[in-house]
Amino acid sequence: MAKILIIDIGNTRMKWAGTAGKGYTLLGEASHSGALDPIFWGQFPHRESVDKIVIASVLGASNEELISRGVAMQTGVVPNFVYSQKQAFGITNAYAQPDLL
């Protein structure tokens, strides 16, 4: 089974979880200033090898390159970014602007 790391980056907090058998386990969380403080990279679970990294972030496309470089530097894996959509998989998002999530 592939080891997958999921990272959720909000406006002031971030969480990361990894595969654990059939589900996911919260591995850590941290506050950040919106610029992804260097202190975060010291807390990042880079000692565990992962096969795939998926990131959801509200910080916007302008920060993706910085985030991608930092994550890849710590893990050796280039992350994939996912985005909220108005509709997907038969589900409709009720937010007026889901792309801002």
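Reader: Is Asp8 buried, partly exposed or exposed?
Author: Asp8 is partly exposed, at a relative accessible area of 34%. Please bear in mind that this is a predicted model.

Reader: Which residue forms a salt bridge with Asp8?
Author: The partner of Asp8 is Lys15, and their closest N and O atoms are 3.4 Å apart. Lys15 is partly exposed as well, with a relative accessible area of 36%.

Reader: How many salt bridges does a search of the whole structure find?
Author: The search finds 3 salt bridges. One of them joins Glu29 to Arg13, with the closest N and O atoms 2.7 Å apart.

Reader: Which residue does Glu65 pair with?
Author: Glu65 forms a salt bridge with Arg69, and the closest N and O atoms are 3.5 Å apart. Both residues lie in helix 2 (residues 64-75), 4 residues apart, so about one helical turn separates them. Arg69 is partly exposed, with a relative accessible area of 49%.

Reader: Changing topic: where is Ala61?
Author: Ala61 sits in the loop between strand 4 (52-57) and helix 2.

Reader: Is Ala61 buried or exposed there?
Author: Ala61 counts as exposed, because its relative accessibility is 63% and the cut-off for exposed is over 50%.

Reader: How far apart are the C-alpha atoms of Ala61 and Phe81?
Author: They are separated by 9.6 Å, while the two residues are 20 residues apart along the chain.

Reader: One last residue. Where does Asn93 lie, and is Asn93 buried or exposed?
Author: Asn93 is in the segment after strand 7 (91-92). Asn93 counts as buried, because its relative accessibility is 17% and buried means under 20%.

Reader: Which backbone atoms lie 3.5 Å and 2.9 Å from a polar atom of the Asn93 side chain?
Author: The backbone oxygen of Gln85 lies 3.5 Å from a polar atom of that side chain. For the backbone nitrogen of Tyr95, the distance to a polar atom of the Asn93 side chain is 2.9 Å.

Notes: Residues numbered from 1 in each chain as written. Predicted model: local features only at pLDDT ≥ 70, side-chain atom pairs only at ≥ 80, totals over all residues. Heavy atoms only, no water. Salt bridge = Lys/Arg side-chain N within 4 Å of Asp/Glu carboxyl O. Buried < 20%, exposed > 50% of the residue type's maximum accessible area, 1.4 Å probe, protein only. Helix = DSSP H or I, 4+ residues; strand = E, 2+ residues; numbered from the N terminus. Polar contact = N/O pair within 3.5 Å; in protein donor to acceptor, adjacent residues only side chain to side chain.
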